[in-house]
Every structure is written in C-alpha cells, then in structure tokens.
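Student: Please take a close look at one part of this model for me. I want the backbone geometry of a loop, and then what surrounds it.

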Number of protein chains: 2
Amino acid sequence: MTAAWCFPLSADPPLFGVSISRKRFSHNLIEKSKDFVINIPGPELLGAVRTCGEKTGKDTDKFGLAKLTKEHSEKVAAPSIAECQTSIECKVVEAKETGDHVLFVGEAVNIKKRKIGKKIIQDERGELRGL
Amino acid sequence: MTAAWCFPLSADPPLFGVSISRKRFSHNLIEKSKDFVINIPGPELLGAVRTCGEKTGKDTDKFGLAKLTKEHSEKVAAPSIAECQTSIECKVVEAKETGDHVLFVGEAVNIKKRKIGKKIIQDERGELRGL
C-alpha cells in the first residue's frame, strides 16, 4: 500500500513505524506475517504511488496494475518493489493501538539500495535540485 | 527543536507522534509540560530550521538566534512560532520508549493556520510547483 504515515523511530536499534488503519488490507497482511518492507519511490513513480494508494490489494493485483515488479526480500516474507530506490526490510517488534490506527514498530533487518530514478536534493537556499 | 521524526498517528481522535532522543533538551521540556506544538515551516524558513536543529535551547535563545517570534499558544503551555504556516497544539496522552528515542503521542487540541510563506504543491506529473 501507499503509506504516508511511515517514519523512523530509533537509530540504534534501527526502528521504523508505520501507522495503518485496521480497515486496510495491509493491516491484516502485516498482522499475519509480522513483517513489512518500506519501499521508497523516486518522483517518477508518482503514478504508481497513486494507483497503490487508491486500490486495495484484497481483490486486485496492484503490482500488475501499477506496473511494478515484485522482488523476493532477503530476510522477510513481504516482497520488495524492484523499481524503488530503497527497500527497508522490517520485522515487527510491537503492534500498538493508537486511536483509529495501529502503529506497527519494525526493526530494520536488511536494506537494499538501487541506483535508479531521480534523486532530489534541497540546497542551502531551499531550492530543490535534480527534478 | 527541529523535529524530522514527527508524524500523524490517528485521524479520529487526531493524534500526532514525535520521536525524540532522551539526550535532547526538548525531551525534558515535553516530559515536564506534557504538551508540545508542531510548527510547520514554509521553505523560506530553511535557514531558521537549520539553526534550530543545530543548536540546543538549553543555553541558547533559539528564537532570537533564528529570528523567529514566540507566540502564546491557546490551549497548551508550549509556545508557537508566528512565522510558521501552521501550529498544531498537542497534549501528551502517552510517552513510550522505542529504542534510543522516546515516542510522545499527542492529541491535537488546537490548530492555527496562517496565510504566510510559499506553498508547494506536487502536480499530476510529479512536478513541484510554487517554488
């Protein structure tokens, strides 16, 4: 799924959080597998990001629809996305109810970086370069 | 302080998280006051954001140094920043140890929007407009 509510929580150990509504299909998947992958897209994937945010994987092959390639992860069961610049494989260490969402806290157990897509850098004056 | 690790956690009730190292002065302030304000800057405040991220408020007047204006918040003790586009006043409902940081979960009790600074919008093709 497209997860805007995804963030780092600790440097050592490397922990990441993802906050997902219980209504989402991804919530069920993570609850079963106890792992997830944070795939970081470049700006050229905006269309795919939108598709993955608008459709549910419950009855749709989102990889096919968004023209993304499923890739086996190295240390977790959840797949990675081959078109993304970075994939952070996480094992869930805690699941916590926060309001109408569940916060899954995951420890990064593997990271894969790929030299693809555009990189955006913000310079000293706040200008965005690389677009 | 400049907090990159700051994120929404729930829509109803409106909960926000901020993950702060125990070493930071802000950690002590929030632990005492049990509240915080998320001030969202425009890109023109990049210099001030950097200053507030590099200096500690323990022995420095960061408002003076970064040329920012302290403003009384309406429903919490922590001050707001008058130059920011939005200030979200939060009361801490939980503090939780996550690795080497503490995750403060705050419920938004007031929001102030100001018509200042540049707005950046990402269009259909991924282009950033308004810079």
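Tutor: Start with Pro13(A), which sits in the loop between β1 and β2 (15-21) of chain A. Helices (H or I, at least four residues) and strands (E, at least two) are DSSP runs, numbered from the N terminus. The model is predicted: local features need pLDDT of at least 70, side-chain atom pairs count only at pLDDT 80 or more, and totals for chains, interfaces and linings use all residues. Residues are numbered from 1 along each chain as its sequence is written, chains are lettered from A and ligands numbered from 1 in the order in which they are written, and side-chain values use heavy atoms, leaving out hydrogens and water.

Now the peptide bond. Asp12(A) and Pro13(A) are joined in cis, with omega about 0 degrees. In chain B, the bond from Asp12(B) to Pro13(B) is also cis, with omega near 5 degrees. Pro13(B) lies in the loop between β1 and β2 (15-21) of chain B. Most peptide bonds are trans.

Next, strand β1. By the pairing rule (Phe, Tyr and Trp rings, the last by its six-membered ring, with centres within 6.5 Å; planes under 30 degrees apart are stacked, over 60 edge-to-face, the rest tilted), there is one aromatic pair over all chains. The ring centres of Phe7(A) and Phe7(B) are 3.5 Å apart and the planes meet at 5 degrees, so the pair is stacked. It crosses between chains, linking strand β1 (residues 6-10) of chain A to strand β1 (residues 6-10) of chain B. Phe7(A) and Phe7(B) are both buried (under 20% relative accessible area; exposed is over 50%, partly exposed in between; 1.4 Å probe, protein chains only).
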